[in-house]
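Subject: The structure you asked about

Hi,

Here is the structure, ready for you to open on your side. My notes on what turned up follow below it.

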Amino acid sequence: MPTPRIPDAARREAERLLAAGATSREVTARTGLSAGSVSKIRNAGGGPPAPAAPDPVPEAAIEEMRKAAGPPGEDEWEERPEEVWDREAAKARKAIRKAKEASTFRWAAPGKHLLLTVLSDMHIGGALVDYDRMRADAELIRDTPNCFAVLVGDQVDNHIKHRAAMLNGEMAPGKQYMLFEYWLRICGDKCLVVTSGNHDDWTVAHAGVDVLGRIVRDRRVFYSPNEAWLELAVGGQKYTVGVRHQYRLNSSFNQTHSVKQWMRLGDREFDVGVIGHHHEAAVESTLYRGRHRYVARPGSYQITSGYSDQLGYNHSVPTCPTFLLRGDGHAITAWNSLKDVAESVRAVTELGVK
Ligand SMILES: [Fe+2]
Ligand SMILES: [Fe+2]
């Protein structure tokens, strides 16, 4: 294809501009000629010669750069991305399976019926803790046939999140855990399941060590941080119990509101749901999807604290909601505490109810 001829007028104007020191780009813009045509005019002597190319980088320096970059094709990472991906995928599969499955304790309870008592917020080592009642409840659990305990967090005060609170506390976390182990022994090892609470989780967050998990697993207690499920066979009946330390959607006017929302919005249905953390006791029977269920919140053995006092919370009552799961029919009866079970049974017997 023949090269288009450069019009004379445009050529002359380009030569004039180049001679005046204009750049190729300026000439292109002013004359409407293509960059190639301007270059041709410049090379033919129109204007000053283009600046010489800079000195090339010495070959020795290029060789040093090559050496620093490593052999050709080698990545900056030690492993190939597909290896890292496969390993992370395998780890994630295991963690997802564990998250879905590892929180469930499945058990065929012995005996005709089962008494399950749920304790929370013991806060061993905190201020104003009712150690007498805590011990009495442990002894009741130990001495009551077919009665087993579930703990739902804040077993010890472990105030390591707030340095000042820990420094001003009377008992170091190590000693608190020692007393917690002692309490488990008083229980006669009738504790089935333990979850962590926010106070227990502070050690995990700050030190990366789950001290509570280590203690209870050593004692062969089923441990699941934050939330646990019990799928129980009692006689011929099956019951699902869900427990967790905290949940969203709390109401200061209705302590069981949060438990009911968990029942409605959560992944799993339950016959009994218990949530700790709020230190205000409540036990309520409710009908949901045609079945009677119980929603409850334990109190706390820590009667009050500087924080509670400051914010105007009422004093706590150390209650441990207790549920009789019957094996001769799907029926649940509940009390505010294990102590109430024996007392109400005695009173009913005195009335002559048979
Ligand atoms: Fe608590
Ligand atoms: Fe808590």
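Which residues of the largest nonpolar core touch the most other members? Please keep in mind while you look that this is a predicted model. The core has 58 residues, and the ones with the most contacts to other members are Leu116, Val118, Val150, Leu232 and Val241.

Setting aside neighbours within four places in sequence, valine 241 is in contact with Leu116, Leu230, Leu232, Phe270, Asp271 and Val272. Val272 is also the bridge partner of valine 241, and it sits in β8. The two strands involved, β7 (residues 237-244) and β8 (residues 272-275), run parallel and are joined by four bridges.

Now for the sheet around them. Six strands form an open sheet in the order β1-β6-β7-β8-β10-β9, and the pairing is mixed. The edges are held by β1 (104-108) and β9 (282-288); each has a single partner strand, so one side of each has no neighbour in the sheet. On average, neighbouring strands of this sheet are turned by 15° against each other, direction ignored.

Strand β11 (residues 322-325) pairs with strand β12 (residues 332-335) in the antiparallel sense, over four bridges. Threonine 322 is found opposite tryptophan 335 of β12. Counting everything, the chain has 13 helices and twelve strands.

The chain is divided into domain 1 (8-43) and domain 2 (103-351), and the C-alpha centres of the two domains lie 89 Å apart. The C-alpha trace spans about 125 × 50 × 45 Å along the principal axes of the chain. For 354 residues, a compact globule would have a radius of gyration near 20 Å, whereas this chain has 38 Å. Buried residues make up 33% of the 354 residues. Looking at contacts with a separation of 6 or more, 68% are between residues 24 or more positions apart.

Which value does phi take in histidine 123? Phi there is near 50°, which is positive in a residue other than glycine. Histidine 123 belongs to the loop between β2 (114-119) and α6 (131-143). It counts as buried because it has 27 C-beta neighbours inside 10 Å, where 20 or more are needed.

The other is aspartate 154, with phi near 55°, again a positive value in a residue other than glycine. You will find aspartate 154 in the loop between β3 (147-152) and α7 (163-168). Is aspartate 154 buried or exposed? With 29 C-beta neighbours inside 10 Å, aspartate 154 counts as buried.

If you have a few minutes, I would start with Val241 and its contacts, then go on to the loops that hold histidine 123 and aspartate 154.

Best wishes

Methods. Residues are numbered from 1 along each chain as its sequence is written. Chains are lettered from A and ligands numbered from 1 in the order in which they are written. This is a predicted model: local features need pLDDT of at least 70, side-chain atom pairs count only at pLDDT 80 or more; totals for chains, interfaces and linings use all residues. Domain bounds come from an automatic or database domain assignment. Two strands pair if DSSP finds at least two bridges between them. The radius of gyration is taken over C-alpha atoms; the globule rule is 2.2 Å times the number of residues to the power 0.38. A residue is buried if 20 or more other C-beta atoms lie within 10 Å of its own, exposed if 12 or fewer, and partly exposed in between; C-beta atoms are placed from the backbone. Two residues are in contact if their C-beta atoms, placed from the backbone, lie within 7 Å. Axes are lines fitted to C-alpha atoms, for helices over the stretch in contact, and angles run from 0 to 180 degrees between N-to-C directions. A nonpolar core is a set of buried Ala, Val, Leu, Ile, Met, Phe, Trp, Tyr and Cys residues joined through C-beta atoms within 7 Å.
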